[in-house]
Structure formats: C-alpha cells, structure tokens
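Trainee: I am new to this structure and would like a close look at a single part of it. Please take me through that part slowly.

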Amino acid sequence: MKKDKLMEEAVEIAQKSAMDDGGPFGAIIVKDGKVIGTGRNEVTAVNDPTAHAEIQAIRAACSILQNFQLSDCEIYTSCEPCPMCLSAIYWARIKTVYYASTKKEAAQIGFDDQFIYEQIAIPYEKRSIKMKQICPDNYNLPFKTWENSNHRIDY
C-alpha cells in the first residue's frame, strides 16, 4: 500500500471516531506494507486518558506480533502525536512516524499539549503537579531484584 493511501486510512479512522463517541484521531501501524494495528481515540468512550489513537494502535500491533517492540514498523497518524503518544512510539521503537494534522492545528480545536511540553522541561519543584520522592528502607529492592533476575528482558 502507498503512503498516501495509508494516511487516508488513518484519517478515515479519525473521521469515524469524530462522528462516533471518540475524539478526532486515528492511527495505523504498518509492517512490511501490511496494516497490523489500528486505533482511534477512545478517551471519553472508555474513560481512559491513555486511550489515544496511537496508543490503541500500538497495543493492537504488539498483540498481533506478540512482541513489545515494533522496530520494523511505521505509524500513520491523523495528527502529530502528543507527548504521551510520542513517548510510547519511542518505547515501541517504531522506525518512522507519518502524520497529517499538526499539533498547532489540534490546539486550535482544543487539544493543546504545549502545557505538557512546558511542564516536562521545568524542574520538579516548579511543576503544576507536585512530585515528591518517598524512600522506605527497601525502596530499591525491586531494582536490585530485576538487576539480578534470570527472567530479565531488557528493553
């Protein structure tokens, strides 16, 4: 399938989602020219703030491939990914992101992520959500266990 057709498919998913009970976002994940995962924004439909189109597509593709890494895959998304989705794309090791609308266009209809980008860049003590470290005596035991585990899988 050609890239423009794949993007048209992602935009079509977004359009259907906008007309249904989701937000105006759609995404597909492709491996070797074949669609292996699709997703649409379902944040309000399922009351899950992480149910963005890209996240849903990543979950579907990982399930199909039975792998947590999508390093040989591309994602086509109807809009430039938000900070959460971009992070998930990096964690999944997706090799290329293709997008249609920009984050600026998304902000114009009420999906403004600039605040999150700004919050990430400032020190913890100046963020709008307080972040405080609490360290019980055994706080690092899970890390030590993982470090020495025979079941450890690096990612």
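Trainee: Which residue does the side chain of Arg40 meet in a salt bridge with an N to O distance of 3.6 Å?

Mentor: This is a predicted model, in which local features need pLDDT of at least 70 and side-chain atom pairs count only at pLDDT 80 or more, while totals for chains, interfaces and linings use all residues. Residues are numbered from 1 along each chain as its sequence is written, and side-chain values use heavy atoms, with hydrogens and water left out.

The partner you ask about is Asp20, whose side chain meets that of Arg40 in a salt bridge of 3.6 Å, N to O (a side-chain nitrogen of Lys or Arg within 4 Å of a carboxyl oxygen of Asp or Glu). This pair links distant parts of the chain, since Arg40 is in strand E2 and Asp20 in the loop between H1 and E1, 20 residues apart (helices, H or I, of at least four residues and strands, E, of at least two are DSSP runs, numbered from the N terminus).

Arg40 also meets the side chain of Asp21 in a salt bridge, at 3.1 Å, N to O. Asp21 lies in the loop between H1 and E1 and Arg40 in strand E2, so this pair ties together parts that are 19 residues apart in sequence. Asp21 is partly exposed, with a relative accessible area of 38% (buried means under 20%, exposed over 50%, and partly exposed in between, with a 1.4 Å probe and protein chains only).

By this rule the count of salt bridges comes to six; another of them joins the side chains of Arg152 and Asp154 at 2.7 Å, N to O. Salt bridges that share partners join Asp20, Asp21, Arg40 and Glu42 into one network.
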